[in-house]
Amino acid sequence: MSLNFPLILVIAVGVTGFLALLDVVYFAPRRRAAIAQYEKEAVALNSEVRERLEKEPLLIEYGKSFFPVLAVVFVLRSFIVEPFQIPSGSMIPTLQVGDFILVNKFAYGIRLPVIDQKIIEINDPKRGDVMGFKYPEDTRINYITPVVGLPGDEVTYTPDKRILVNGKAIDERFLGEEPGSLGSAGLFTETLGEEKHYIRKEARRRVEPSRQWFVPAGHYFMMGDNRDNSKDSRYWDDPSIPFELQGMVPDEYIVGKAFAIWLSWADPKFGMLPSFSRVGLIH
């Protein structure tokens, strides 16, 4: 069962905020009034009695303590930055299984949490951006790949694993065999828009035949860097949506722009311990 963390966070902030407000408008005035009455009537003041009168109800105490922390987490995660974990190898060699990354939540506009309704327009995704989005086949899962096709683009994937956008081949340079692959996989640099990044291709796999997609308005075509081991826009198939939208990521599924690795369990030298060897900006 997948938990809806944004919804849980909203409920937690709402409940603790309500308890804090309830103390301000109801319980705190009653405590002050009780203390004032005690001080007025008591012949000799007793510190233990005063402490008992000042003591907040346990539920109120917890609510007031947790509310500021939860409110800060809510603002940071909902509007500024969200942590993602890389669960699969679809982004090798750029991102490894076990990498923890940060996603800029306001790069493409401000959205209301839970319902993901955009309320402020900022920028649109650009070709080559490494974008976080809800996985179209299961929106409870967060997914990350580069943007290949923008609204209005025609994307072609050829049998020799080349990408053409609007009939023009994306620039690609062969770097050499992937270390340890014994020639079965090669590493390349690929230039998408203004972004140059690494991709991986397996020599023994072929794509047949050439395939084409037209990216409709308000949608994006995504493709992982581990080109032969990525379930991306080329393979998503949802029978509940129209044929022309198959494989596309709609704007409302966008979470933000991935920009940095902040922690990793992907470095084998550290075994089961996290490392910071891969910390840095995502290119």
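Predicted model: local features only at pLDDT ≥ 70, side-chain atom pairs only at ≥ 80, totals over all residues.

1. The lining of the largest pocket comprises 19 nonpolar, nine polar and seven charged residues. The volume of this pocket is about 840 Å³. Among its 35 lining residues, those closest to the centre are Pro6, Arg77, Glu82, Arg140 and Asn142.

2. Several elements give two or more residues each to the lining of the largest pocket: helices H1 (5-41) and H3 (58-80), together with strands E1 (81-85), E6 (142-149) and E16 (254-264). Strand E1 supplies the largest share, four residues.

3. The second largest pocket has a volume of about 260 Å³. It is lined by 13 residues, of which Gln212, Trp213, Phe243, Gln246 and Met248 lie closest to its centre. Here the largest share, again four residues, comes from strand E13 (residues 211-214). By class, this lining divides into six nonpolar, three polar and four charged residues.

4. H1 contains 37 residues and spans 51 Å from its first C-alpha to its last, close to the 54 Å expected at 1.5 Å a residue. A bend of about 50° occurs in H1 at aspartate 23.

5. Which residues of H1 are buried? They are Leu9, Val13, Thr16, Gly17, Leu19, Ala20, Asp23, Ala28, Arg31, Ile35 and Tyr38.

How values were computed:
Residues numbered from 1 in each chain as written. Heavy atoms only, no water. 1 Å grid on protein atoms, 1.4 Å probe; cavity = no way out; pocket = protein on both sides within 12 Å on 5 of 7 lines; lining within 4 Å. Points joined across faces, edges and corners; volume = space filled by probe spheres on them. Nonpolar A, V, L, I, M, F, W, Y, C, P; charged D, E, K, R; others polar. Expected span 1.5 Å × (residues − 1). Bend = angle between axes of the 7 residues up to and from the residue. Buried < 20%, exposed > 50% of the residue type's maximum accessible area, 1.4 Å probe, protein only.
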